[in-house]
Amino acid sequence: MHRVWAIIERDLRRFRRSPALMLMSMFMPLVQLVVLGYAFGGKIQNLKVGVVDEDHGVPAIKLHEMFQAVAANAKTFTPFYYSDKAVAEHDLRNGKINGLLDIPPEFSRKVLAGANPRIALVEDNTDQFSSSALEGALTGMMPAYNSPQVQPRVTAGATLAVVEVYPYVPYIQFLLPGVIVLAIFISAMIGGGIIFIDDKARGLHEGYLVTPIRKFELILGFTLAGALKAIIAGVVLISLGSVIAGIPDPLNPLRMMKMFIVVVATALALISMMFLIMVRVSDPLVPRAIFGVLNTVLYFPSGAVYPTGSFPAWMKAIAIVDPFTYSVHAFKQLVLKNTDLMAVSGDLLFLFVFTAIAMTLATVLFRRTL
Amino acid sequence: MKFAVEVENLTKRFGEFVAVDSLNFNVEHGEIFGLLGPNGAGKSTLIRMLTTLVPPTSGTARVNGFDIVREANDVRQSIGVIPQAMTSDLELSANENLTIFAKLYGIPREKRKKVIPQLLEEVNLTQWADKPVKMFSGGMRRRMEIARGLVHEPKIFFLDEPTTGLDPVSRVSVWEMLARLKRERDLTILVTTHYMDEADKLCDRIAIIDGGKMAALDSPLKLKASIPGKNIIEASFSTVPPNWLETMQKLPEAAEVKADGNIFRISTNNGPRTTVELLEAARAANVTVASLSVQSTTLDDVFVHYTGHQLRDNLQAPSAADSPFIMHRS
């Protein structure tokens, strides 16, 4: 074991001397957390909706009032009135307005006659986020418009009552678990990929290989040293990230302890995966070249930025073997719901089994000669 | 165990390329054994096989009595190795570099505390023990690596081109250090180099390797004695009368004469005598001697004699460790 410690000691001493590269591994995910967190997931507001009223009846005026109410309160959209439908259509095509509401000439008559009255929404669907927000706002408005002035005491139709179990989760908090895993991944990539291969190429490993160290001791040393650095990055992210994302009671000691266990499991899984990938590589350009690809292939299918439910089958297949998926899931449980460890035991089990398999394969493939 | 290193039909191929071609030789205990040859001759591959870094394609070798394949770990415990690439940890101090390696060799703390300062003293680095190695000059770095290779008190010390890339002063100091360490520690040293003068001065025996094969093996003195002529006379003349080449060839003791315009290169078995006769012949023929030098045979001449060519550039043996980052200091 003393040889394993020698490898670890050397790596940590080096880390202490020149921490710049490793600090970068924490900085990038924090920037991503803040920028992506605020760039996505906010409520969409201030859409512009053109309104062409070809009816001018009283029921149409009731609609105008409701638009004004939305513009004043939820601010989802602001109505702009057009007298000429052709001008409105032209503006829609040129992107001056996001949607066009057409109140047809017969609208008031049909409302009063109860004969299937309709208004039409023509929307700019090149921007799906805006168009679905607009659709949502208008669809939500229609029952209110339809409800009779005098409410019956007992509602005849079935309604859906939504109960939210957790307080509102802003996107930045939804993103935090993925960003924690990303920080661990980047330090595994730098420590276990780039620095590891650079040392190999510079001949440092040649120096180790002429000593009586055993293959397994060497790999264990490299793995634990890499994992320690990744754990440092993970710990910084779970604490600093929780504060930045505005998690309630961000530094709750019990939750931090639980998260620390997931950080350790994630660091071990990712670093052993990295050694498995790099075990036969000697060209220092390789880890740099695959960094971006690996990051994309592991990070995005994991459900860190968007729920996995919407993915095509091949991407779901990646998600199943991707250690990111399980780490992100575990962190989501702990960060967003503050569950107990039992709720993440499946994730932890996967990560430890993954580590064991990757380490075994890496040891088998590792060559103790040049 | 009769020899420190025994090499038997040792061969290494990289695909079609034969880097080391069935070498046979033994290294005696306590000698400095030089492997001399141009780049790509197979010296580094040979050293890497003997230090268990590269498995041989065929043949065997025993180092300190242990088989390099079957008893690789025993070999590793009994040897110190300074690879060709600078393998020190630049961010760490000399002290830390030595400590890490002492731990890799499993040396207990008490012993480490004694051995490391002593080694740093021996390579004159005590003053810089706690400075990061990246601040060291090439010579200091090499000396630190030599100390590092000795932390576990090996029996046999392998050095692959230890002085390549160093300035003349550092080269001399590295060699003096090696000679002293050998005496004090009863070491057997295997060293590769392509500096003929160094090999001549410091090696007890020299193997000339070319194209993976052994071209010659003996002590520097015997190697030099083995080729025709003991001295080389180089003379240039203001004018060259006809038949001058024949006159030169007839000089007493002259073994071989080569002419290049007005310049004549004469190898002779008796430098002083041939020189005197040459001057007399010149006076008799009324030829002015423009310049004259008499030199002893050098290992360069030996090398040219046995390999048929000068130390020249050649392709390196392809090896798994070759990569853009390795500094081949040659």
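Start with B:Arg148 and B:Phe101. The charged end of B:Arg148 sits over the B:Phe101 ring, 4.2 Å from the ring's centre. A charge counts as over a ring if NZ of Lys or CZ of Arg is within 6 Å of the ring centre and within 35 degrees of the ring normal. Now pick B:Arg171 with B:Tyr195. Here B:Arg171 lies over the face of B:Tyr195, 3.6 Å from the ring centre.

A word on the ground rules. This is a predicted model, where local features need pLDDT of at least 70, side-chain atom pairs count only at pLDDT 80 or more, and totals for chains, interfaces and linings use all residues. Residues are numbered from 1 along each chain as its sequence is written, chains are lettered from A and ligands numbered from 1 in the order in which they are written, and side-chain values use heavy atoms, with hydrogens and water left out.

**Rings in chain A**

Select A:Phe196 and A:Phe275. They form an edge-to-face aromatic pair, with 4.8 Å centre to centre and 80° between the planes. A:Phe196 is in helix 7 (residues 171-202) of chain A and A:Phe275 is in helix 10 (residues 253-278) of chain A, so the pair ties together parts 79 residues apart in sequence. Helices (H or I, at least four residues) and strands (E, at least two) are DSSP runs, numbered from the N terminus. Both A:Phe196 and A:Phe275 are buried. Buried means under 20% relative accessible area, exposed over 50%, partly exposed in between (1.4 Å probe, protein chains only).

Next, select A:Phe185, A:Phe291, A:Tyr299, A:Phe300 and A:Phe324. Ring pairs link these residues into a cluster. Over all chains, the count is 17 aromatic pairs. Rings of Phe, Tyr and Trp (its six-membered ring) pair if their centres lie within 6.5 Å; planes under 30 degrees apart are stacked, over 60 edge-to-face, and the rest tilted.

**Where the chains meet**

Colour chain A and chain B separately. How many residues of chain A are in contact with chain B? There are 29, and they meet 34 residues of chain B. Contact means heavy atoms within 4.5 Å. The area buried between the two chains is about 3,000 Å², and carbon and sulfur atoms give 61% of it. Buried area is the accessible area (1.4 Å probe) that two parts lose on being put together, summed over both. Highlight A:Arg202, A:Val210 and A:Leu370: they supply 23% of the area that chain A buries against chain B, more than any other three residues.

Now zoom in on A:Arg17 and B:Glu96. Their side chains meet in a salt bridge at 2.8 Å, N to O. A salt bridge is a side-chain nitrogen of Lys or Arg within 4 Å of a carboxyl oxygen of Asp or Glu. Between chain A and chain B the count is seven salt bridges. Helix 1 (2-17), helix 7 and helix 8 (204-209) of chain A each supply at least two residues of the side that touches chain B. Helix 1 of chain A gives the largest share, nine residues.

Move to B:Thr51. Look in the loop between helix 1 (43-50) and strand 4 (58-63) of chain B. Is B:Thr51 buried or exposed? It is buried, at 0% relative accessibility. Beyond its neighbours within four places in sequence, B:Thr51 is in contact with A:Val210, B:Ile79, B:Val81 and B:Phe158.

**More charged pairs**

Select A:Arg288 and A:Asp198. They form a salt bridge, with the closest N and O atoms 3.0 Å apart. A:Arg288 is in helix 11 (residues 285-299) of chain A and A:Asp198 in helix 7 of chain A, so this pair ties together parts 90 residues apart in sequence. A:Arg288 is partly exposed, at 38% relative accessible area, whereas A:Asp198 is buried, at 13%.

B:Asp204 is in the loop between helix 7 (196-202) and strand 9 (205-210) of chain B, and B:Lys182 is in helix 6 (residues 168-185), 22 residues apart.

Last, select A:Arg10, A:Asp11, A:Arg14, A:Asp199, A:Arg202, A:Lys229, B:Asp89 and B:Glu91. Salt bridges that share partners join these residues into one network. Within it, A:Arg10 and A:Asp11 meet at 3.7 Å, N to O.
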